[in-house]
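Here is a short briefing for a first look. Please keep the sequence and the 3D view open while you read.

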Amino acid sequence: MEIMGRGRDFLGGSNFIQTGEGADRGEDIEMTDGTVADQDFMAAARQDVPRLVAEVRRLRALLGRSK
């Protein structure tokens, strides 16, 4: 996903998250509010949340082995 922000990436239109590219492009997610940091967080969540879940599982497994 890529975030496209008015005033940051272009001058007109609305802020949105672009989902995919070319033939794999899905519907854009229009952003009606929020800061640039909020938008960046949302755009990165698709990659970051699965990594976070994997790390929690890894740490839980380590804790289970130490008992």
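**Confidence in the model**

The chain averages a pLDDT of 77, and 76% of the residues score at least 70. Here pLDDT is the predictor's confidence in each residue, from 0 to 100. This is a predicted model, in which local features need pLDDT of at least 70, side-chain atom pairs count only at pLDDT 80 or more, and totals for chains, interfaces and linings use all residues. Residues are numbered from 1 along each chain as its sequence is written, and side-chain values use heavy atoms, with hydrogens and water left out.

**Layout of the chain**

- One helix and three strands make up the elements of the chain.
- Their order from the N terminus is β-β-β-α.
- Helices (H or I, at least four residues) and strands (E, at least two) are DSSP runs, numbered from the N terminus.
- Among these elements, H1 has the highest mean pLDDT, 88. Strand S1 (residues 2-4) has the lowest, 57.

**Surface and contacts**

- The chain has 67 residues, and 16% of them are buried.
- Buried means under 20% relative accessible area, exposed means over 50%, and partly exposed lies in between (1.4 Å probe, protein chains only).
- The accessible surface of the chain comes to about 5400 Å². Carbon and sulfur atoms hold 55% of that surface.
- These areas come from the Shrake-Rupley method with a 1.4 Å probe; for residues, only the protein chains shown count as cover.
- Take the contacts (heavy atoms within 4.5 Å) with a separation of 6 or more: residues 24 or more positions apart account for 20% of them.

- Ile-17 sits in strand S2 (residues 15-18). Ile-17 has a relative accessible area of 2%, so it counts as buried.
- Ile-17 and Met-31 are 14 residues apart along the chain, and their C-alpha atoms are separated by 7.4 Å.
- Asp-33 belongs to the loop between strand S3 (29-31) and helix H1 (36-65). Its relative accessible area is 64%, so Asp-33 counts as exposed.
- Asp-33 and Asn-15 are 18 residues apart in sequence. In space they are 8.6 Å apart, C-alpha to C-alpha.

**Helix H1**

- H1 has 30 residues and should span 44 Å at 1.5 Å a residue. The end C-alpha atoms of H1 are 42 Å apart, which agrees.
- The expected span is 1.5 Å times one less than the number of residues in the helix.
- H1 has a kink of about 65 degrees, centred on Ala-45.
- The bend at a residue is the angle between axes fitted to the seven residues ending there and the seven starting there.

**Salt bridges**

- How many salt bridges does the structure hold? It holds two.
- A salt bridge is a side-chain nitrogen of Lys or Arg within 4 Å of a carboxyl oxygen of Asp or Glu.
- One joins the side chains of Arg-51 and Asp-48, at 3.6 Å from N to O. Arg-51 and Asp-48 are three residues apart in helix H1, so about one helical turn separates them.
- Arg-51 is exposed at 57% relative accessible area, whereas Asp-48 is partly exposed at 38%.
- Another pairs Arg-58 with Glu-55, with the closest N and O atoms 2.8 Å apart. Arg-58 and Glu-55 are also separated by about one helical turn, because they are three residues apart in helix H1.
- Arg-58 is partly exposed at 43%, and Glu-55 is partly exposed at 32%.
- An α-helix has 3.6 residues a turn, so residues three or four places apart point the same way.
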